[in-house]
Amino acid sequence: MAYNISETSGNSTGGASTGYDKWTFNVAFSDATVRGDFNEDVNQDGISDGEASSYQFSALSTNKYGTLSFNTRTGQFTFTINQAAVIASGSSQTVEFTVTGFRGLNSDADRVVINIAICVLRGTRIDTAQGRVPVEDLQVGDRVRTLDSGLQPIRWLGSRRLTRRDLDRAPDLRPIRLAAGALGPRCPDEALVVSPQHRVLVTGWKAELHFGQPEVLVPAKSLVNDLDITIAHDLDDVEYFHVLFDHHEIMVTNGAPTESFFPGDYVMDAFDQPVRDELAALFPALFTDPAGFGPAARSSVKVAEAAVLRPEVH
């Protein structure tokens with residue numbers, strides 16, 4: 001059996017499905033750090049068989065979204081997320097590096113993938129064929145009204161909860177509240193709360209003037225004006241939901257057009273293996289072609305670019 005090291009902290013996914021050579025950490029914006037531990041794994045069962053003689057860590061694939069510290073003797077590492085940089089980017093991000101273990105003339109290099117992953121809040125009501133339904137009550141197969149494609153069946157649903165502790169530790173990750181009418185008359189028609197990076201559809205002459213499009217998708221955080229679009233400081237516990245269709249769609253949430261989950265922004269191994277298996281069965285192209293899901297429903301505006309649209313908000 002070839003020489004092998006494995007990530008043995010229990011915080012990652014990988015193992016036999018990736019040949020014990022690739023380890024994926026799925027984290028939320030609220031997770032300030034990611035910690036792992038590499039060890040020799042002679043039996044390739046994910047259980048430590050002791051330390052290698054030494055470990056070597058490569059540079060990060062990008063230094064924009066965090067810093068890596070490590071111990072070349074124990075194989076332990078800590079990735080500290082630059083949450084402000086991830087938020088400012090306006091989309092999910094992926095950071096990678098490699099860890100190589102050595103013993104004598106033997107060595108084994110493993111790849112580490114850290115996916116930093118966004119969504120609508122529990123209680124948000126989605127327009128469906130049966131009327132408005134709270135997002136937490138939706139089921140796969142339910143038909144949702146979309147702006148471009150009419151009624152579309154939900155293919156997959158996911159969720160992530162952030163506790164008061166998470167939000168206190170990372171206040172920049174607090175959700176954004178759009179008051180009724182913040183985007184125009186009855187848009188939304190009741191308060192809408194979304195994650196900071198969740199993109200809402202903004203229309204108007206300024207969108208066309210500055211971006212050449214009559215409609216653009218804009219991260220909610222970039223529209224905060226401290227009047228009718230604010231940071232929801234009063235919420236101590238939130239749960240965000242992903243709603244996935246066959247294609248990226250604009251759905252109606254509390255009367256406002258916002259985006260559905262867009263896996264084009266994500267690396268599919270951000271999910272646990274059962275979810276990966278389900279998504280692979282539904283959308284096999286996602287795992288062979290990064291653009292396999294198709295294009296975004298609208299052009300997207302980054303946080304730094306969206307300031308010109310803020311005065312257009314009512």
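Predicted model: local features only at pLDDT ≥ 70, side-chain atom pairs only at ≥ 80, totals over all residues.

Colleague: How many residues does the protein chain have, and what percentage count as buried?
Modeller: The protein chain has 314 residues, and 49% of them count as buried. Buried means under 20% relative accessible area, exposed means over 50%, and partly exposed is in between, with a 1.4 Å probe and protein chains only.

Colleague: What secondary structure does the protein chain have?
Modeller: Four helices and 22 strands. These are DSSP runs numbered from the N terminus: helices are H or I with at least four residues, strands are E with at least two.

Colleague: And the accessible surface, how much is there?
Modeller: About 13900 Å² for the protein chain. Carbon and sulfur atoms account for 49% of that surface. The areas come from the Shrake-Rupley method with a 1.4 Å probe; for residues, only the protein chains shown count as cover.

Colleague: Now the inside. Which residues have the most contacts in the largest nonpolar core?
Modeller: F38, F77, F79, F97, V99, V112 and I114. That core has 23 residues. A nonpolar core is a set of buried Ala, Val, Leu, Ile, Met, Phe, Trp, Tyr and Cys residues joined through side-chain atoms within 4.5 Å.

Colleague: Which strands supply at least two residues each?
Modeller: β2 (22-27), β3 (33-40), β4 (54-57), β6 (76-81), β7 (93-103) and β8 (106-116).

Colleague: Which backbone nitrogen lies 2.9 Å from a polar atom of the D108 side chain?
Modeller: That of I5. D108 also touches Y3, N4, I5, D21, V99, T100 and G101, again leaving out residues up to four places away in sequence.

Colleague: OK, charges. How many salt bridges does the count come to?
Modeller: The count comes to 12. The rule is a side-chain nitrogen of Lys or Arg within 4 Å of a carboxyl oxygen of Asp or Glu.

Colleague: Take E190. Which residue forms a salt bridge with E190?
Modeller: R125, with the closest N and O atoms 2.5 Å apart. The pair links distant parts of the chain, 65 residues apart. E190 is in the loop between β15 (176-178) and β16 (192-194), and R125 is in strand β10 (residues 125-128). E190 is partly exposed at 28% relative accessible area. R125 is partly exposed too, at 33%.

Colleague: Which residues are linked in a network of salt bridges?
Modeller: R125, D127, R132, R186, D189 and E190.

Colleague: What about R199 and E259, buried or exposed?
Modeller: R199 is buried, with a relative accessible area of 7%. E259 is buried at 4%. Their side chains meet in a salt bridge, 2.9 Å from N to O. R199 sits in strand β17 (residues 199-203) and E259 in strand β22 (residues 256-259), 60 residues apart.

Colleague: Which side chain meets R298 in a salt bridge?
Modeller: E215, at 2.8 Å from N to O. R298 lies in the segment after α4 (273-282) and E215 in strand β18 (residues 215-219), so the pair ties together parts that are 83 residues apart in sequence. R298 counts as buried at 17% relative accessibility. E215 counts as partly exposed at 26%.

Colleague: Last one, S222. Where is the place of S222?
Modeller: In the loop between β18 and β19 (229-231). S222 counts as buried, at 2% relative accessibility. The backbone oxygen of P219 lies 2.6 Å from a polar atom of the S222 side chain. S222 and K302 are 80 residues apart in sequence, and 8.2 Å apart in space, C-alpha to C-alpha.

Conventions
Residues numbered from 1 in each chain as written. Heavy atoms only, no water. Polar contact = N/O pair within 3.5 Å; in protein donor to acceptor, adjacent residues only side chain to side chain. Contact = heavy atoms within 4.5 Å.
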